[in-house]
Amino acid sequence: MSADEAENAAPAAEEVVEVKEMNVLDALKQVLKNALVHDGLRRGLHECAKALDMKTAKLCCLAKDCDNPEYTKLVRALCEEGGVHLLEVDTGKQLGEYAGLCKINDEGEATKVVRCSCAVVTEFGEETQAFSVLMDFLNNQK
């Protein structure tokens, strides 16, 4: 019996190894896509400022390459005032792709990506592994 138990334990260990480690940007991409499906994603300054001002925002993403300093000051101030986590993404094109502002071609690659400087999550939807990874990162950040 102990040999059978050892054989049964080995496949369980292999399954754990197969789960790939997720970095923060992959987790953010999945969380934003999930929020978009559940109608909990606000994109653009006007929608984001309204969500941050009404204190319905739970997470804010800001592009590092935003060229308007007043824009970034406003978003940062509203995030600090509401106690909302702020994540910075490298480029606006990347944030636009994550937020669904693009066309997907036959190969599954994003084309015609529209630049987005700010996106706010008001409803996460389901709690997935990506959500857990992102929340762990945000809680350890502060």
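The following is a conversation about how terms are applied to this predicted model.

Modeller: In this predicted model, local features need pLDDT of at least 70 and side-chain atom pairs count only at pLDDT 80 or more, while totals for chains, interfaces and linings use all residues. Residues are numbered from 1 along each chain as its sequence is written, and side-chain values use heavy atoms, with hydrogens and water left out.

Biologist: Why is the contact between Lys 55 and Glu 81 called a salt bridge?

Modeller: A salt bridge is a side-chain nitrogen of Lys or Arg within 4 Å of a carboxyl oxygen of Asp or Glu. The closest N and O atoms of Lys 55 and Glu 81 are 3.2 Å apart, so the pair meets the rule. Side chains of opposite charge can pair when their charged atoms come close.

Biologist: Where in the chain do Lys 55 and Glu 81 lie?

Modeller: Lys 55 is in the loop between α3 (45-53) and β2 (59-63), and Glu 81 is in helix α4 (residues 69-82). They are 26 residues apart, and the pair links distant parts of the chain. Helices (H or I, at least four residues) and strands (E, at least two) are DSSP runs, numbered from the N terminus.

Biologist: What makes Glu 81 exposed and Lys 55 partly exposed?

Modeller: Buried means under 20% relative accessible area, exposed over 50%, and partly exposed in between, with a 1.4 Å probe and protein chains only. Glu 81 has 53%, so it is exposed. Lys 55 has 48%, so it is partly exposed.

Biologist: How do you know that Glu 88 and Arg 76 form a salt bridge?

Modeller: Their N to O distance is 2.2 Å, so this pair also meets the rule. Glu 88 is in strand β3 (residues 85-89) and Arg 76 in helix α4, 12 residues apart. Glu 88 is partly exposed at 32%, and Arg 76 is partly exposed at 36%. By this rule the count comes to 6 salt bridges.

Biologist: What about Cys 116?

Modeller: Its closest cysteine sulfur, in Cys 48, is 6.6 Å away, which is too far for a bond. Cys 116 is buried, with a relative accessible area of 4%. A search of the whole structure finds 0 disulfides.

Biologist: What makes β2 and β3 a pair of strands?

Modeller: Two strands pair if DSSP finds at least two bridges between them. Here 5 bridges join β2 to β3, so they pair.

Notes: A disulfide is a pair of cysteine sulfur atoms within 2.5 Å.
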